[in-house]
Amino acid sequence: MTSLNYLKECSFENVFQYIFTSLARRSKNMSIDFIKIILGLLIIFILSILTYKLQYLDRGGVIAGIIVGSIILIGFGWPALILMMIFFIFSIFSTRLRYNYKRQLGLGQEKGGKRGWRNTLANGG
């Protein structure tokens, strides 16, 4: 059966039923380790404060970062959080790399490269 024929035969009910049964199966197999979650939330909080002190995030960016990081940790686990942290580190370096030159061209990040809640939600959420 070709993909096109398969798509024609699928209904939204079948697709949603497949998604929900997959999620239900996944949730039964997942065990929540609260110590790991508390440790992760502590790390998220410390890194958020550190990035605020280093002026990579403004106050709104810190709050949004804590919320987005917590959702990613609880919803998807450590691998997704680590991937998001790596992305965040690379985005900081790319923003700061040759910032004065980018600013002269009119391409520099506003607020001196500080990221706000909008940047955090757009890139992390």
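Guide: Ile71 is found in helix H4, where helices (H or I, at least four residues) and strands (E, at least two) are DSSP runs numbered from the N terminus. This is a predicted model, in which local features need pLDDT of at least 70, side-chain atom pairs count only at pLDDT 80 or more, and totals for chains, interfaces and linings use all residues. Residues are numbered from 1 along each chain as its sequence is written, and side-chain values use heavy atoms, with hydrogens and water left out.

Visitor: Is Ile71 buried or exposed?

Guide: Buried means under 20% relative accessible area, exposed over 50%, and partly exposed in between, with a 1.4 Å probe and protein chains only. Ile71 has 53% relative accessibility, so this residue counts as exposed.

Visitor: How far apart in space are Ile71 and Leu81, C-alpha to C-alpha?

Guide: In sequence, Ile71 and Leu81 are 10 residues apart. In space, their C-alpha atoms are separated by 9.2 Å.

Visitor: Why does Ser70 count as buried?

Guide: Ser70 is also found in helix H4. Contact means heavy atoms within 4.5 Å; leaving aside neighbours within four places in sequence, Ser70 is in contact with Leu41 and Ile44. Ser70 counts as buried because its relative accessibility is 16%.

Visitor: Which residues does Leu41 touch, not counting those up to four places away in sequence?

Guide: Leu41 is found in helix H3 and counts as partly exposed, because its relative accessibility is 28%. Leu41 lies 26 residues from Ile67 in sequence and 9.8 Å from Ile67 in space, C-alpha to C-alpha. With residues up to four places away set aside, Leu41 touches Ser70 and Leu73.

Visitor: Which residues make up the largest nonpolar core?

Guide: A nonpolar core is a set of buried Ala, Val, Leu, Ile, Met, Phe, Trp, Tyr and Cys residues joined through side-chain atoms within 4.5 Å. The largest such core has 5 residues: Ile44, Val68, Ile72, Leu73 and Leu81.

Visitor: How many residues line the largest pocket?

Guide: On a 1 Å grid over the protein atoms alone, a pocket is an open set of points where a 1.4 Å probe fits, with protein on both sides within 12 Å along at least five of seven lines; lining residues have an atom within 4 Å of a point. Thr51, Leu57, Met84, Met85 and Phe88 lie nearest the centre of the largest pocket. The number of residues in its lining is 28.

Visitor: Which helix supplies the largest share of the lining of the largest pocket?

Guide: Helix H3 (34-53), helix H4 (59-76), helix H5 (78-96) and helix H7 (117-124) each supply at least two residues of this lining. The largest share, 9 residues, comes from H5.

Visitor: How many helices and strands does the chain have?

Guide: From the N terminus on, the elements run α-α-α-α-α-α-α. Buried residues make up 23% of the 125 residues in the chain. The chain has 7 helices and 0 strands.
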